[in-house]
Amino acid sequence: MAVRKASEMAVAKHPLVVFVVVSILMSWAFWSPILGSHVGLLPQEIEITSIGGFILYLGAMTSMWIAALPLVAAHQGVEGVKNAYRNLLNGRNSALWYAVAILIPLAVEIVPPALYASLSGDRAFSAFSWPYVLFVLVLGVHMALVLALGGTGYALQLFAEGRSRFAATLVTSAYTLVWIAPMYLEIISRHPGYPGVWYVLGFIPTALMVTWLYHTAEVA
């Protein structure tokens, strides 16, 4: 009982710390088997297009949402959770916001490898196939919803307390880029010869997109 009360007090006093730590640990934990399989730590390679890999991917990319929901419920009750869902489609999260959010996985998974393949002539690095592009776009829809609730609907609200809008934008963006970093590591581990410079080239536009998303979102 004492441990439970101490845990509840910690959550009540430090919701931002709890949210950031839990969401990042969950993201990296779900990504770990996929990353481990690509570098030979597991006997069988796990692709996100497989059933097992897809489940792990969903767990990783939903971790921000999973971490936010109980904290929203704890502080705002059932009505707070309902409002959070309702806010997914309100003016704060416009069609343009969703369009950019949906493109983030595409920018990470498709564009850098495809550019490198076209410039280097090494087709082994090309991930450009229409079925895979459509698959990544579907994942982008999922990520857009996660960022709407866990990012602009919760993390940005917490980071905005006592900070300017610009500072809150940068801090929230930095948190999100750490949370999403395993997605980049998955590409690099899947392609052992993938040059680090292309990781940077893929990371920069994503960083700009994430920063833009948070800066244009309304802060309650």
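## Exercises on a predicted helical model

In this predicted model, residues 24 or more positions apart account for 75% of the contacts in the protein with a separation of 6 or more.

**Exercise 1.** State how many helices and strands the protein has, and what share of its residues is buried.

Solution. 
1. The protein has 8 helices and 0 strands.
2. Along the sequence this reads α-α-α-α-α-α-α-α.
3. Of the 220 residues, 46% are buried.
4. The accessible surface is about 10800 Å², and carbon and sulfur atoms hold 73% of that surface.

**Exercise 2.** Classify the ring pair of Phe19 and Tyr175, and locate both residues in the chain.

Solution. 
1. The count of aromatic pairs in the protein is 5.
2. For Phe19 and Tyr175 the centres are 5.5 Å apart and the planes make an angle of 50°.
3. Phe19 belongs to helix α2 (residues 15-38) and Tyr175 to helix α7 (residues 165-190), 156 residues apart.

**Exercise 3.** Determine whether Phe19, Tyr175 and Phe159 are buried or exposed, and classify the ring pair of Phe159 and Tyr175.

Solution. 
1. The cut-off for buried is under 20% relative accessible area.
2. Phe19 has 0% and is buried.
3. Tyr175, at 5%, is buried.
4. The rings of Phe159 and Tyr175 lie 6.3 Å apart at their centres with planes at 45°, so this pair is tilted.
5. Phe159 is in helix α6 (residues 130-159) and Tyr175 in helix α7, so the pair joins parts 16 residues apart in sequence.
6. Phe159, at 6%, is buried.
7. Ring pairs join Phe19, Tyr154, Phe159 and Tyr175 into a cluster.

Methods. Residues are numbered from 1 along each chain as its sequence is written. This is a predicted model: local features need pLDDT of at least 70, side-chain atom pairs count only at pLDDT 80 or more; totals for chains, interfaces and linings use all residues. Side-chain values use heavy atoms; hydrogens and water are left out. Helices (H or I, at least four residues) and strands (E, at least two) are DSSP runs, numbered from the N terminus. Buried means under 20% relative accessible area, exposed over 50%, partly exposed in between (1.4 Å probe, protein chains only). Contact means heavy atoms within 4.5 Å. Accessible areas come from the Shrake-Rupley method with a 1.4 Å probe; for residues, only the protein chains shown count as cover. Rings of Phe, Tyr and Trp (its six-membered ring) pair if their centres lie within 6.5 Å; planes under 30 degrees apart count as stacked, over 60 as edge-to-face and the rest as tilted.
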